[in-house]
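I opened the model to look up a handful of local features and kept these notes as I went. The sequence and the structure come first, and my entries follow.

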Amino acid sequence: MPRHANRLLATVATIFAALVPAGVSQASSDYSCSPSWTLASSGSDCGDRIYLAPGNDTRVNLLLLLRDRLPAGAGPKVYPKPDYPWQDMGNTFFDWDRLQAGYWPDGGAGYGGWASVCVSLGSGDGDFERAVRANKGVPGAEGTALVAARARLKATCEASDAPKSPWPEGIASAPGRAFLAYLQAADAFYAGHWAEAREGFAGLLPAKGSKVPVDPWLAEAALYMVARTDLNAAMAGAFGEWGDFAGPEKVDRVTLLRARGGFLGYIATHPQGLYADSARGLVRRTVWLEGDNAALARLYTALLGSVAPDHEDAGRLVQEIDAKLLFAKDAGSAIEGPVLLAVWDLMRMRQYTQDAGSGRAPLDNGLTLMELQAQAPRFATRPDLFQYLQASHAFAVQKDMKQVLRLLPDDARQPGYGPLAFSRQVLRGLALAALRDPNEAGFWRDLLGGATGLWQRPTVELALAMNLERRGRLAEVFAPGSPITDRTVREILLLHAAGPALLRGAALAADRPGHERDLALFTLLYKQLSRGDYAGFLASRGLVRAGADAKGGLWDLIAAETIPVGLFTAGATTSADFACPALTATVATLGKTPANPRARLCLGEFWRLNGFDGFSQPDVAPPSEELGGTPSLFPGKPLSRGAIYAQVMADPAAGADDKAYALYRAVNCYGPSGYNGCGGAEVPVSQRKAWFLRLKRDYPQSRWARKLPYYW
């Protein structure tokens, strides 16, 4: 049976038939995407923000409001390691799992997922054994046999076809027989034989007026299990094979109400009992199964006021509320209490251009200003929260930035901020940014001093960095003593926006992490080489340290554990197909004669042999509204491998072998997928056919003509 240490067990042990999967409430559950690197997001996104925002996962907003009861700046200060580093979330964004890992590094709230009644089996082993050993009326041999017999329950849960071990014989003591009867009732319970299980557990309850002593643990556990058996019997026909809830009308209401009475009776008898917290959670489950969401909302409101916001129970409660109430059809009319109402209101402020993500249609019940204003009496005890909701509506829905500033006064010089106070200041800063207020940068600098909670400082640094980038003051981000220290924020700007001087300075910054320095140097060398700054490349190449990594992948430089900057000193330059000199010699030739056909082809060989095909991260700017989205300060445009071949094919000074190789490689850019793997403009199949025929016609004796049997 369940252990009392798992205080909100009902949230985990019986959530196997949750109304709504966890992903419905999340801003995103797609691990293949990365967040939009901007704070002003009113729609659903791949990453959540540490201020109360419409686009956040509803669980995030609810937990932040719960934690607002803690002292300003309270909580852990060490960021959790990301489970999915390719998301590029840095320390600015997070998902629900990472938020929990930050607040509860030792385990967090967890999530029960699609559990069954058997989820409680292991946790009850210790309770049973302790009770057997503590009962002096059970002889030692009988106790050992009974404890061993509990293993039969595991076989029942696993639905094993193997023969089960028989129940122990020779249990002669009265307490021993009672414990055996309990095991037999539990076996029926885990097998789903509810009537048999209920009869067995009920038979262990002390009879009224009886003076026959009953083991205290058996009496307590049996009382709890009678109610739990009734609950499972009541909902047995209400769930499909995959846990889909058919609705309250499919629940056996008579048995459900009997189960609720049983749990309430257990709580009245054992208010501090082993299973009291679980019983309270299962009372809530009976209310949910009955479809009484108004009563459920009242229970949740009371719990939100009593749960310790820094305990992992808070996370469990948030998940339960999110799954059971926030997405119910009548949630709007059922929800009460300012905290739950605020989360509901923020969700209804989401702004979608197409759909709500994950295939869901846009919200069709967006919150109107009139409706929000009518809620004022419901926020009588929380005017600060209501004021923030008004400001959020002005920002996300009305786009009235001046109204945001009127509602949220400047308070950016506090030593620390709780979630709501921090959210108020962030929203004010975003309104200043939208108005292009000349004091915006100063506001963010002031706010940095009190941004001490997890994810708070990187949030402010992102806002300040975006301001400096858009005001043409990017150099201040990388100046000595810059307050912008977040590595990911800096690396995005280095990769996309910085010019040669900033990149070189960042590569030489001894006080910065090696990853950042290597990324700056890699970006500098790549852009110099791909944009034709050959003299600059030769000068910068000497900055590559001895032994620098030359084998790392080029999928995502920011997320990569190491940066393969050593490719520019130790990368392959020649192959059995096409002989080329060292990269420095090729670049030196191009520096003197940029149109040299052989040197151009050898540059293409360097890109091809070292995995640069498909690598475009430094060349593709983020959207203009995101960090790094301003025009790059690095001059020139990248020269693709496909463009090299087109130039050589068109160059009358190119030799026959060079032209044949260019034709061969140009056709192979599309093999075998039919898609361009060399960069540059796509060409139709007719053009690839023309290249192929030209190679066969003009250079029939070339090894390249003989080696190429078809085109794609």
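Predicted model: local features only at pLDDT ≥ 70, side-chain atom pairs only at ≥ 80, totals over all residues.

Entry 1, the chain as a whole. Residues are numbered from 1 along each chain as its sequence is written, and side-chain values use heavy atoms, with hydrogens and water left out.

I then read off the secondary structure, which comes to 32 helices and 0 strands; these are DSSP runs numbered from the N terminus, helices being H or I of at least four residues and strands E of at least two. Along the principal axes, the C-alpha atoms fill a box of roughly 110 × 70 × 45 Å. Of the 712 residues, 53% count as buried, with buried meaning under 20% relative accessible area, exposed over 50% and partly exposed in between, for a 1.4 Å probe and protein chains only.

Which side chain of opposite charge is nearest to Asp 215? It is Lys 136, 11 Å away, and Asp 215 is buried yet has no salt bridge; for charge, Lys and Arg count as positive and Asp and Glu as negative, with His and the chain ends not counted. A salt bridge here is a side-chain nitrogen of Lys or Arg within 4 Å of a carboxyl oxygen of Asp or Glu.

I next checked the backbone around Asp 215, and its side chain reaches the backbone nitrogen of Trp 217 at 2.9 Å, while the backbone nitrogen of Leu 218 lies 3.0 Å from a polar atom of that side chain. Leaving out residues up to four places away in sequence, Asp 215 touches Ala 131, Asn 135 and Phe 179.

Side chains of opposite charge can pair when their charged atoms come close. My search of the whole structure gave 36 salt bridges, and I looked at several of them. Asp 313 and Arg 316 meet at 3.0 Å, N to O; both lie in helix H13 (residues 312–324), 3 residues apart, about one turn of the helix, and both are buried.

Glu 469 pairs with Arg 470, the closest N and O atoms being 2.8 Å apart. Glu 469 counts as buried because its relative accessible area is 6%, whereas Arg 470 is partly exposed at 27%. In the bridge between Asp 698 and Arg 697 the closest N and O atoms are 2.9 Å apart; Asp 698 is partly exposed at 37%, and Arg 697 is exposed at 57%. I also noted that Asp 68, Arg 382 and Asp 384 are linked in a network of salt bridges.

On a 1 Å grid over the protein atoms alone, a cavity is a set of points where a 1.4 Å probe fits but cannot get out, a pocket is an open set with protein on both sides within 12 Å along at least five of seven lines, and lining residues have an atom within 4 Å of a point. Grid points are joined across faces, edges and corners, and a volume is the space filled by probe spheres set on the points.

The second largest pocket has a volume of about 500 Å³, and among the 20 residues that line it, Thr 38, Ala 40, Met 466, Arg 470 and Glu 625 lie nearest its centre. Helix H19 (419–434) and helix H21 (456–470) are the elements that give two or more residues to this lining, and H21 gives the most, with 4 residues.

I counted 5 cavities of 30 Å³ or more. The largest cavity holds about 160 Å³ of space and is lined by 16 residues, of which Arg 67, Ala 74, Tyr 103, Pro 419 and Gln 456 lie nearest its centre.

The peptide bond from Gly 671 to Pro 672 is cis, with omega near -5 degrees, and Pro 672 sits in the loop between helix H30 (656–668) and helix H31 (685–698). Arg 436, in the loop between H19 and helix H20 (440–448), has a positive phi near 55 degrees although it is a residue other than glycine, and it counts as exposed because its relative accessibility is 54%.

Notes. Polar contact = N/O pair within 3.5 Å; in protein donor to acceptor, adjacent residues only side chain to side chain. Contact = heavy atoms within 4.5 Å.
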